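Visitor: Please take a close look at one chain and at what it touches. I would like the contacts, the charged pairs and the helix packing in one connected account.

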Amino acid sequence: MFETFLAIVRRDLILAMRRRSDMLTILFFFVIVVSLFPLGIGPEMNTLRLIAPGVVWVAALLASMLALERLFAIDYADGALEQMLLAPQPLSLLVLGKVAAHWLVTGLPLVLMAPVLGIQYDLSLDGLRVLVITLLLGTPALSLIGAIGAALTLGLRGGGVLVSLLVLPLTIPVLIFGAGAVEATISGLGGEGHMSMLAAILVLSLFFAPLAAAAALRVSVE
Amino acid sequence: MSSRIVNWFKFSSPATFYPLAGRMIPWFTAAAVILLGVGLYMSFFVAPTDYKQGEGYRIIFVHVGTAWMSMFIYVVMAAWAGLGLVFNTRVSAMMATALAPTGAMFTFVALWTGALWGKPMWGTWWVWDARLTSELILLFLYLGFIALQSAIDEPRRADRAGAILALVGVVNIPIIYYSVQWWNTLHQGATVSVSQGSSMGTVMLWTMLIMTLGFWAYAIAVVLARVRCIILERERDTTWVNELEGGVR
Amino acid sequence: MLEVVDLECVRGDRKLFTQLSFSLSGGELLYLYGQNGSGKTTLMRAICGLLQPTEGEIRWEGESIRELSDEYTREVVYIGHKNGIKDDLTALENLRILSTLDGVHMSEDQAWDALDRIGLRGFEDLPTQVLSQGQKRRVALARLLAHQAKFWILDEPFTALDKAAVSLLQQVIRDHLDSGGMVMLTTHQEVKLTEGQVKQLQLGGGGQADV
């Protein structure tokens, strides 16, 4: 069972490595969105420092939405998804494998890039540290929740926009606790409470999101 | 045991539900007209002027009721959707579809009246208050449900995909509500609570209750009417619908 | 032993078939005939469990496939219109990942062997996107060679295949039937397959079906 999970992760990673440009597009989008804010708001450092956590988090949210469209779409088009549905393994496990690979390819680069962008906004060292930790806890949750939306909108016209409409409201708690933790740390209140909430959301979505996404896939592939 | 299951499914079949809904609609319409009429009369003429907020406060008789309804309808919608998903009954899924626009409407009215009330109360149309923000997110959830269902052509897939989304939403609502609450208290923004400043008088409480009951009756009547349309549309090829049309002509 | 009882499937507003019943036991082959749009693919998808029929039941060894789930999918291979292979992976990688999903461990040697038998010698290490339609089909069909599943559901397996591949596939199907397997397939080509037990099912025309 675990072997199948690993096989799916490995397969998707190989596929991503052979199409590296997709990965870079998402990362580049994230960088551009974050860099646009100072241009729109003005270079006043005090303001920028204030909005940094929110900006980085919203950009991460948008970037992960952008990546979602491709999560199941290619497998759906070439029939690999059908075969996954017919495999004698629990579908939710395979979904978890796909999401894990998807996060490694689209989520992890955002986490690694975030400190660099944080420096642009003059975040303190503590703030940067917490930003990375919250993104590390939060982006997998975004991928997991997003998988439900991606599965529901599979093969629909305008699925890419629709998936954002469905998923973004559901990710609001992740945004609140993620950006909140950084903000609380900067202002000296300590972000531990936020971070434990974020971890709780991650655990919950690890359990429930694959089940819901698997159910949605069965509906969509029919 | 098995006979009970058969009975239950018979009750939930569109052919039996359609006339039943038709018989119920006039009653609920009448109830809605009477209750809302009495409620509005009471809210304008019977309820006393608030010594703090003046006449402007009277909008809460609409606001509170619609806000209650907006949240309640989402839960009811998710319950019907879940029933439809588990038992594969067509009418339950249709009920969920029919409830969504009414729920969205109540959410919108709650937001709108909230803004109208907010202007004289705290000087701006919009305040990032925990309740208003949650209500806004609820509106997004309704719109997502409606958008998903209307993007899917195949009715069976639309029913079941919508059901999954509604269930995911209903699990998320407490988490969203809690996180918004947390966010709001932390930022020390506007924390004007709805019932602030006035211990509610008996008349006001009654008015609010009557208005809410009126909204209830309205929602039931409208949803049943909508469900009848959906049934006709979905079942247009069946013999019972064709016989129905023949009878009308 | 597969039993289909009073099956009804609806696509959109159209009732494709209703009251469809038949059975299939070990060593038997079922041909599915019917015009385009008569519900052949829908029936196959319903039988392999991808699609939930609106009415009726599908039983495997006497039990509903809804309740069996894993025990049933282990016994079934479905090869549909889509090959289910990834363009960016090589034939070898595709074959091995597909059998891992089937719950069968396939060593590299076995995979080479299967691809060799299906006529893909020299193409094992190429990304499948450079292969022709027929060769892609062969990659998908190579699964059948290494698979222990009892029940094969093949939707138009002969499309895009050349003569040599068609006769090879016929041989493979014949061997499978001889060893007690079951096959259900659609084809527009009239192919003489086997003298064994052959059943035919005609779909189409007002939702009636003749066995």
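Guide: In this predicted model, 26 residues of chain A are in contact with 27 residues of chain B. The two chains bury about 2,400 Å² between them, and carbon and sulfur atoms account for 76% of that area. On the side of chain A, Leu152(A), Leu170(A) and Val219(A) supply 23% of what chain A buries against chain B, more than any other three residues.

In one of them Arg160(B) pairs with Glu222(A), with the closest N and O atoms 2.9 Å apart. The count of residue pairs in polar contact between chain A and chain B, both residues at pLDDT 80 or more, is seven. The elements of chain A that give two or more residues to the side touching chain B are α7 (125-152), α8 (159-170), α9 (172-186) and α10 (192-221). Of these, α10(A) gives the most, with nine residues. Sorted by class, the residues on this side of chain A are 19 nonpolar, four polar and three charged.

Chain A also meets chain C. That contact takes 28 residues from chain A and 29 residues from chain C. The area buried between chain C and chain A is about 2,600 Å², with 53% from carbon and sulfur atoms. Lys82(C), Lys86(C) and Leu101(C) supply 28% of the area that chain C buries against chain A, more than any other three residues.

Five salt bridges are found across the interface of chain C and chain A. Lys86(C), already named for its share of the buried area, forms a salt bridge with Asp75(A) through their side chains, at 2.3 Å from N to O. The interface of chain C and chain A also has 13 residue pairs in polar contact, both residues at pLDDT 80 or more. On chain C, the elements that give two or more residues to the side touching chain A are α1 (40-48), α3 (70-73), β6 (76-79) and α4 (91-101). The largest share of that side, five residues, comes from α4(C). By class, the side of chain C that touches chain A has ten nonpolar, nine polar and ten charged residues.

Lys98(A) forms a salt bridge with Asp75(A), the closest N and O atoms being 2.7 Å apart. This pair links distant parts of the chain, 23 residues apart, with Lys98(A) in helix α6 of chain A and Asp75(A) in helix α4 (residues 70-78) of chain A. Over all chains, a search of the whole structure finds 24 salt bridges.

Helix α1 (residues 2-18) of chain A and helix α6 (residues 91-120) of chain A pack at an angle of about 35°, and their axes are 8 Å apart. Their crossing is right-handed. By class, the contact of α1(A) with α6(A) has twelve nonpolar, two polar and three charged residues.

How values were computed. Residues are numbered from 1 along each chain as its sequence is written. Chains are lettered from A and ligands numbered from 1 in the order in which they are written. This is a predicted model: local features need pLDDT of at least 70, side-chain atom pairs count only at pLDDT 80 or more; totals for chains, interfaces and linings use all residues. Side-chain values use heavy atoms; hydrogens and water are left out. Contact means heavy atoms within 4.5 Å. Buried area is the accessible area (1.4 Å probe) that two parts lose on being put together, summed over both. A salt bridge is a side-chain nitrogen of Lys or Arg within 4 Å of a carboxyl oxygen of Asp or Glu. A polar contact is a pair of N or O atoms within 3.5 Å; within protein, one must be able to donate a hydrogen and the other to accept it, and residues adjacent in sequence count only if both atoms are side-chain atoms. Helices (H or I, at least four residues) and strands (E, at least two) are DSSP runs, numbered from the N terminus. Ala, Val, Leu, Ile, Met, Phe, Trp, Tyr, Cys and Pro count as nonpolar, Asp, Glu, Lys and Arg as charged, and the others, Gly among them, as polar. Axes are lines fitted to C-alpha atoms, for helices over the stretch in contact, and angles run from 0 to 180 degrees between N-to-C directions. A crossing is left-handed if the near helix is turned anticlockwise from the far one by less than a right angle, and right-handed if clockwise.
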